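Open the model in your viewer and keep the selection tool at hand. The stops below are meant to be taken in order.

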Amino acid sequence: MGIFVQMGRKAAKSLHQVEVFVTLGSGMKRVVVTGATGQIAYSLLFRIGSGEVFGDEKIALHLYDLPGMEKGLEGVVMELQDCAYPFLEEVRYGSDLKELFSEVDLALLVGAKPRGPGMERGDLLKDNGTIFVEQGRVLNQVASRDVKVVVVGNPCNTNALIAMESAPNLPRKNFHAMMRLDQNRAMALLARKAGRSIGEVSPLVVWGNHSATQVPDYPNASIGGHSATEIINDLTWLQGEFLTTVQKRGAAIIQARGKSSAASAANGVIDHVKSLYNPTPEGTWFSSAVCSDGNPYGIQEGIIFGFPCRSSGDGSYEIVPHLPWNSFIEERIRVTEKELLEEKECVEEMFV
Ligand code: NAD
Ligand code: LMR
């Protein structure tokens, strides 16, 4: 494992290929990012390092990638050094999961194979699933007992489920799959259609699976303090083009770029983490896929499902109850729930 330690402002920066442990005391967030040489990480790491997420709290970044990626990791570390971020206290990197997951407060599980053109995210289920068995088990052994885990690697809901089931000693509530990119896509599309600024669009929940069955909740969204349906006043668009554009946005980007979304995905992770570590404004919520155990909407238990969440700012969250469903939304929620139950059935044999 490599480590670069920047102790305060005075110490020289150094890059050692040795195993060193440095204890810097409390008041520091220890964050691991997997797939650290990948395209999402290339955007994500620098935004975390900049202090954008945790303000003036010190940060230790742990960068994990597969054996064979050491050169790439060294390059990323050099660039992190060259940013001279004042709050980035320490960087560890390498391919030793146990070392790199040790005592982490936040695990951003990005590393996995992306889908190519013509594939659905679910096609990655078996290949990528095994990654999350191993990572769940190691988190279970060595991470902070209150680690928050955000899974980005696809199919992220079921990968998060696999990680959660592989980590029986960690709170099930602490596992998330990222729906924030979907929320951001939906909000931006509503703003463009209404000809309003994005700041006028309320956050909206994207129910269910991060897949083509996801359900962006336009009926409970508002624009400039009025119902989105009133402002846009075009149900055919809201129930048709709006829904399918958000559901298929990932595929459209792959078609256009030849690669899956990266900067916007990293931005989704940043927004997700900020939402967990800042109090949610009164009367609003954010989208996250979390464990459905005991949920107030009657979704079957034991899956990772997109719900409206709010946080008191300490990294934990509650599911916001009582958002009404009309029959259009409810019908589609049943479809996305069924898909997640089917995905679960495909991977159940991997659970501990
Ligand atoms: P990428 O191919 O650029 O990078 C993937 C990284 O993961 C590489 O560094 C690779 O070495 C690493 N990796 C591969 N197998 C691994 C393993 N077993 N353990 C740890 N790391 C491993 O991909 P990317 O564009 O950064 O995307 C990463 C994942 O995120 C993909 O699964 C992609 O589909 C997903 N994604 C999710 C969302 C979302 O909204 N949830 C959005 C965009 C992309
Ligand atoms: C996205 O939504 O952009 C990602 O999940 C990548 C993909 O495969 O669609």
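A nonpolar core is a set of buried Ala, Val, Leu, Ile, Met, Phe, Trp, Tyr and Cys residues joined through side-chain atoms within 4.5 Å. Buried here means under 20% relative accessible area. Keep in mind that this is a predicted model.

**Stop 1: the cores**

Select V33, L61, L63, L108, L190, W207 and F242. These are the residues with the most contacts inside the largest nonpolar core, which has 74 residues.

Beyond its neighbours within four places in sequence, F242 is in contact with A186, L189, L190, L204, P216, Y218 and W237. Next, select V133, A160, C291 and I304: they belong to a second, separate core, made up of 36 residues.

**Stop 2: helix α2**

Select residues 70-82, which form helix α2. Its 13 residues, at 1.5 Å a residue, should span 18 Å.

Which residues of α2 are buried? They are L73, E74, V76, V77, L80 and Q81. Turn the view until you look down the axis of α2: the buried residues fall within an arc of 165°, so they line one face of the helix.

Colour K71 and D82 next. Both are exposed, and they sit on the face of α2 turned away from its buried side. Then step just past the helix to A84, which takes a positive phi of about 50°.

**Stop 3: K58 in strand β3**

Select residues 58-64, strand β3, and pick out K58. Its relative accessible area is 30%, so K58 counts as partly exposed. Leaving out residues up to four places away in sequence, K58 touches G27, M28, K29, P86, F87 and E89. For a distance, pick E134 as well: K58 and E134 are 76 residues apart in sequence, and their C-alpha atoms are 29 Å apart in space.

**Stop 4: A252 in helix α9**

Finally, select residues 249-257, helix α9, and find A252 in it. A252 has 42% relative accessibility and therefore counts as partly exposed.

Conventions: Residues are numbered from 1 along each chain as its sequence is written. Chains are lettered from A and ligands numbered from 1 in the order in which they are written. This is a predicted model: local features need pLDDT of at least 70, side-chain atom pairs count only at pLDDT 80 or more; totals for chains, interfaces and linings use all residues. Side-chain values use heavy atoms; hydrogens and water are left out. Buried means under 20% relative accessible area, exposed over 50%, partly exposed in between (1.4 Å probe, protein chains only). Contact means heavy atoms within 4.5 Å. Helices (H or I, at least four residues) and strands (E, at least two) are DSSP runs, numbered from the N terminus. The expected span of a helix is 1.5 Å times one less than its number of residues. The arc is that of the directions from the helix axis to the C-beta atoms.
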